[in-house]
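Please look over the sequence and the model shown here before reading on. The report that follows moves from the whole chain to a few of its parts.

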Amino acid sequence: FRLLFLLSVQFSVFPARIISEGPSKRRKNIVTENELNRIIGLFGNNVFQTAFCYMKSYADAEDIREEAFIKLYLSSKSFETDEHIKAWLLRVTANLCKDKLRSFWYKKILPLETAMDIGTEEKQTDSFITYLFMLKSDYRIALYMHYYEGYTAKEIAKITGSKENTVLSHLSRGRKQLKDILLKEGYDEFT
């Protein structure tokens, strides 16, 4: 029950699935409460930023982050290093985002930010992200994971489920499109 409280404080929501399963029906968890809190502190922001990069919505990104950490807690998978945990979390995050983007509900509902004409730029602290969001999703994800998370093309391919050459193409095309956008916006240090 203590973990439920910690998760609810961290994410402001009680996960109903954990409550309904009860302690006797849960699989043996490899990740303890203390370890989960440490991992949330280390990678919570990375998971959120990756989800936001896919979803373009703070609320959806927070929901995805919560689901990813619940999956980690319920997982019986053992991890070798913190980097292994981070890669697993980002892969789970990418899959959760793709699932949500494919869902009927998400396709048919207008996001609150759009409905109220509230731009996400108000909440962003990094102006580069604003320009990154002007790119096609595949290019945006590849550039974000490469430059913000520090992954190689091979690692990005594993996380996103793409081929390495596809990721390299996305990086190259994304850089070119981003350069064109920045030049149109008046940044002339690229010439």
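Among contacts in the chain between residues at least 6 apart in sequence, what percentage join residues at least 24 apart? The share is 67%, where a contact means heavy atoms within 4.5 Å. This is a predicted model, in which local features need pLDDT of at least 70 and side-chain atom pairs count only at pLDDT 80 or more, while totals for chains, interfaces and linings use all residues. Residues are numbered from 1 along each chain as its sequence is written, and side-chain values use heavy atoms, with hydrogens and water left out.

**The chain as a whole**

The chain contains 11 helices and 0 strands; these elements are DSSP runs numbered from the N terminus, with helices (H or I) of at least four residues and strands (E) of at least two. Of its 191 residues, 41% count as buried, a word that here means under 20% relative accessible area, whereas exposed means over 50% and partly exposed lies in between, with a 1.4 Å probe and protein chains only. The accessible surface of the chain comes to about 11400 Å², and carbon and sulfur atoms account for 53% of that surface; such areas come from the Shrake-Rupley method with a 1.4 Å probe, and for residues only the protein chains shown count as cover.

Helix H5 covers residues 82–102, and because each of its 21 residues is taken at 1.5 Å, the helix should span 30 Å, which agrees with the 30 Å between its end C-alpha atoms. The expected span is 1.5 Å times one less than the number of residues. Several residues of H5 are buried, among them Ile85, Trp88, Leu89 and Cys97, and what covers the buried residues of H5 includes helix H3 (33–55), helix H4 (58–74) and helix H10 (153–160).

**Two helix pairs**

The table sets out two pairs; axes are lines fitted to C-alpha atoms, for helices over the stretch in contact, and angles run from 0 to 180 degrees between N-to-C directions.

| Pair | Angle | Axis distance |
|---|---|---|
| H5 and H10 | roughly 50° | within 8 Å |
| H9 and H11 | about 100° | 8 Å |

The angle between H5 and H10 makes this pair oblique, since angles under 35 degrees count as roughly parallel, over 145 as roughly antiparallel, 65 to 115 as roughly perpendicular and the rest as oblique. Their contact is made by Ala87, Leu90, Arg91, Ala94 and Lys98 of H5 together with Lys158, Ile159 and Thr160 of H10.

H9 and H11, by their angle, are therefore roughly perpendicular to each other. Residues of H9, including Tyr139 and His146, meet residues of H11, including Leu171 and Arg175.

Thr50 lies in helix H3 and, at 1% relative accessibility, counts as buried. Not counting residues up to four places away in sequence, Thr50 touches Leu90, Thr93, Tyr144, Met145 and Glu149.

Val31 is found in the loop between helix H2 (16–25) and H3, and with a relative accessibility of 5% Val31 also counts as buried. Although Val31 and Leu72 are 41 residues apart in sequence, their C-alpha atoms are 7.4 Å apart in space.

Lys56, in the loop between H3 and H4, has a positive phi of about 60° although it is not a glycine. With a relative accessible area of 40%, Lys56 is partly exposed.
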